[in-house]
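This report describes a structure part by part. Please keep the sequence and the 3D view at hand while reading.

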Amino acid sequence: MKSATKKGSESKGKGGAKGAEVRSPETAARAARSSGIDLETVRELARIATELNLSEVEADPSGRIRVRRRLGGRRVVEAKADSVSRPPITLAPPPPVEGAPEPGTFISSPFVGTFYRAPSPEAASFVEVGDTVRKGQVVCIVEAMKLMNEIEAEADGKVVEILTRNGEHVEYGQSLFRLAKS
Amino acid sequence: MFKKVLIANRGEIALRVIRACREAGMRSVAVHSTADADALHVRFADEKVCIGPPPARLSYLNIPAIISAAEISGADSVHPGYGFLAENAHFAEVVQRCGLHWIGPQPEVMRSMGDKVSARKLMSAAGVPILPGTGVLENDRDAEEAIERIGLPVIIKASAGGGGRGMKIVEDIDRLHTLLAQARSEAQAGFGNPAVYIERYIARPRHVEVQVLGDGTKAVALGERECSIQRRHQKLVEEAPSVALEDARRAELLGVARKATLAIGYKTVGTLEFLLDEDKRFYFMEMNTRIQVEHTVTEEVFGVDLVREQMRLAAGEPLRIGNDIRPRGHAIELRINAEDPVTFAPSPGRITALNLPGGLGVRVDTHIYTNYVVPPYYDSLLAKLIVRAENRPAALARMRRALAEFVVEGCKTNLDFHRRLLANADFVSGRMDTHLVERMSG
């Protein structure tokens with residue numbers, strides 16, 4: 001399937017307009033022509049993607065459109081003194097949990113939504129207990145406002161506990177995975 | 001009515017809405033930032049959802065997070081409280097587009113009343129007096145003509161301005177040209193735009209506002225509130241009724257407010273704010289399209305639960321209050337803020353000891369408790385102390401008594417300011433205007 005892909009900016013969640021760019025307009029245009037999707041549609045999709053800070057928009061001639069937003073999981077805690085102009089999605093340290101092990105060993109939800117362990121109901125889970133994850137690896141999806149947000153591990157580690165069940169609602173800052181340093 | 005109401009707010013107003021929900025048999029959903037995990041609205045709601053970190057723009061102003069919270073909790077309606085997103089027409093539209101009920105007026109009405117110029121036009125068309133003034137002045141001749149029409153004194157204001165810069169009061173026509181030139185250059189320097197306009201100047205205005213309710217086809221004006229005790233446009237004390245109004249003038253004001261509410265097809269509750277000049281003539285200032293902090297004094301004298309009526313009207317039920325309703329007695333509200341009594345700087349911190357006043361005719365709407373930590377991220381309102389009595393002197397006596405019982409330790413408050421105000425001869429006799437607090441401090 002041909003797809004019109006738009007890469008999200010590296011500045012996580014920074015308001016939309018800034019930084020996002022369509023990867024190689026020529027490639028997108030060629031893809032568009034050979035797939036029967038017109039250039040104007042591609043432009044429109046790119047605009048929407050920028051506006052909503054999506055990392056990927058996939059469209060096929062049948063009219064099926066799929067969007068993704070890729071975000072880092074919880075930033076491993078520590079604590080440069082934050083300047084005033086911190087990007088909106090940078091996360092505060094997790095609320096102190098009694099008896100919690102050292103900080104930085106949890107992956108938490110960056111927003112309110114629904115937790116999914118797999119990209120689709122029939123697919124295998126992104127990770128299982130015992131798996132080793134690498135920084136940047138997608139570990140789950142949190143659906144918010146009909147958008148599937150991929151949550152990435154922000155550090156290497158071994159999954160020792162999955163704290164939320166598939167399909168459960170999660171709050172901002174809720175711990176999803178416990179990792180041991182690998 | 002509704003089954004489950006999400007309250008997109010915090011503090012005492014979130015608690016106020018939760019109470020109304022509980023009494024009406026509706027479930028409530030609190031949303032909160034990580035800074036408010038221990039807040040009372042979170043404890044007393046039926047459900048809670050943490051929506052973001054402390055800064056309001058990432059939590060209480062975060063529309064996607066609030067909508068997601070409504071979605072996962074299964075709420076069918078959203079109450080915005082006051083402040084935060086309460087007058088954000090875009091938020092109201094998003095709420096409605098997501099299939100939720102918005103507990104407020106129609107978004108298009110919010111939008112048109114939110115814009116000063118269009119609000120003035122709409123109100124003027126509905127027969128509401130507005131302060132005589134001009135559009136942007138083309139030249140000095142325009143100014144002279146305006147003054148012939150309006151009379152002196154007038155105030156020259158920067159079109160792009162605010163905060164006093166570019167403002168000149170003209171009391172003597174001979175000084176007009178000099179002051180116009182000064183105002184233009186100050187406006188240019190301050191706002192990069194020399195455009196100025198003229199308005200009638202009221203040296204000692206009172207701030208009087210009217211509580212209105214509407215269902216789109218009927219409207220009621222539920223009395224007025226006197227809100228002249230302000231500091232830097234922040235109200236500190238509100239009363240109902242206003243001692244400034246004779247019966248005939250009151251009837252005129254309420255009639256105008258009712259007609260205006262009807263003219264814009266207003267639904268739910270709102271407030272029309274007026275300036276009252278020295279001769280008790282009133283001029284429309286702006287409309288607040290939401291429940292207000294000081295709704296309590298109206299509730300006290302009319303015996304009406306305004307938040308409940310707001311929710312009924314938002315649910316499409318007809319207005320059930322008639323214009324024959326009359327207030328009983330006098331109510332006063334003091335806003336108790338966490339602030340330094342001298343510098344007025346906010347004073348966050350842990351409340352180490354607390355005694356709230358009580359007894360006959362005393363109501364305290366607050367979210368604070370012993371060991372509560374006042375977070376530094378939000379506004380400084382700690383509590384609203386409201387008293388009701390058969391008349392104003394009795395209400396003042398009751399307020400003094402209640403203030404003497406009010407103890408807050410651990411953070412600074414403006415309780416002492418209120419004690420001084422209640423001993424101020426002008427305030428006690430009802431001779432007040434929006435500059436009274438400045439005169440007290442100066």
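## Domains of chain B

In this predicted model, the C-alpha centres of domain 1 of chain B and domain 3 of chain B are 23 Å apart. The contact between them takes 24 residues from domain 1 of chain B and 23 residues from domain 3 of chain B. On the domain 1 side of chain B, the elements α1, α2 (40-44) and β5 (101-102) each supply at least two of the residues that touch domain 3. The largest share of that side, six residues, comes from α1(B). By class, the side of domain 1 of chain B that touches domain 3 has 15 nonpolar, four polar and five charged residues.

The domain assignment places domain 1 of chain B at 4-103, domain 2 at 140-200 and domain 3 at 206-441.

## Overall form of chain B

Chain B contains 15 helices and 20 strands. Its C-alpha trace spans about 65 × 50 × 50 Å along the principal axes. A compact globule of 442 residues would have a radius of gyration near 22 Å, and chain B agrees with this because its own value is 22 Å.

Of the 442 residues of chain B, 49% count as buried.

## Nonpolar cores

The largest nonpolar core has 103 residues, and Leu6(B), Val29(B), Ala69(B) and Val212(B) are those with the most contacts inside it. Helix α1 (residues 11-23) of chain B gives the most to this core, with seven residues. Another core lies apart from it and has 31 residues, among them Ile368(B), Leu381(B), Leu385(B) and Leu436(B).

What does Leu6(B) touch, leaving out residues up to four places away in sequence? The residues are Val29(B), Val31(B), Ala69(B), Ala70(B), Ser73(B), Ala75(B) and Val78(B).

## Helix α9 of chain B

Helix α9 of chain B covers residues 247-263.

The buried residues of α9(B) are Leu253(B), Leu254(B), Val256(B), Ala257(B), Arg258(B), Ala260(B) and Thr261(B). These buried residues pack against one helix and several strands of chain B, namely α6 (116-125), β9 (206-215), β10 (219-231), β12 (267-276) and β13 (282-288). After α9(B) comes Gly265(B), which has a positive phi near 65 degrees.

## Chain A

Chain A has two helices and twelve strands. Along the sequence their order is β-β-α-α-β-β-β-β-β-β-β-β-β-β.

Of the 182 residues in chain A, 33% are buried. For contacts in chain A between residues at least 6 apart in sequence, 59% join residues at least 24 apart.

## Where the chains meet

How many residues of chain A are in contact with chain B? There are 14 residues of chain A, and they are in contact with 15 residues of chain B. The side of chain A that touches chain B is made up of nine nonpolar, four polar and one charged residues.

Notes. Residues numbered from 1 in each chain as written. Chains lettered and ligands numbered in written order. Predicted model: local features only at pLDDT ≥ 70, side-chain atom pairs only at ≥ 80, totals over all residues. Contact = placed C-beta atoms within 7 Å. Nonpolar A, V, L, I, M, F, W, Y, C, P; charged D, E, K, R; others polar. Helix = DSSP H or I, 4+ residues; strand = E, 2+ residues; numbered from the N terminus. Rg over C-alpha atoms; globule rule 2.2 N^0.38 Å. Buried ≥ 20, exposed ≤ 12 C-beta atoms within 10 Å, placed from the backbone. Core = buried A, V, L, I, M, F, W, Y, C linked by C-beta atoms within 7 Å. Domains from an automatic or database assignment. Expected span 1.5 Å × (residues − 1).
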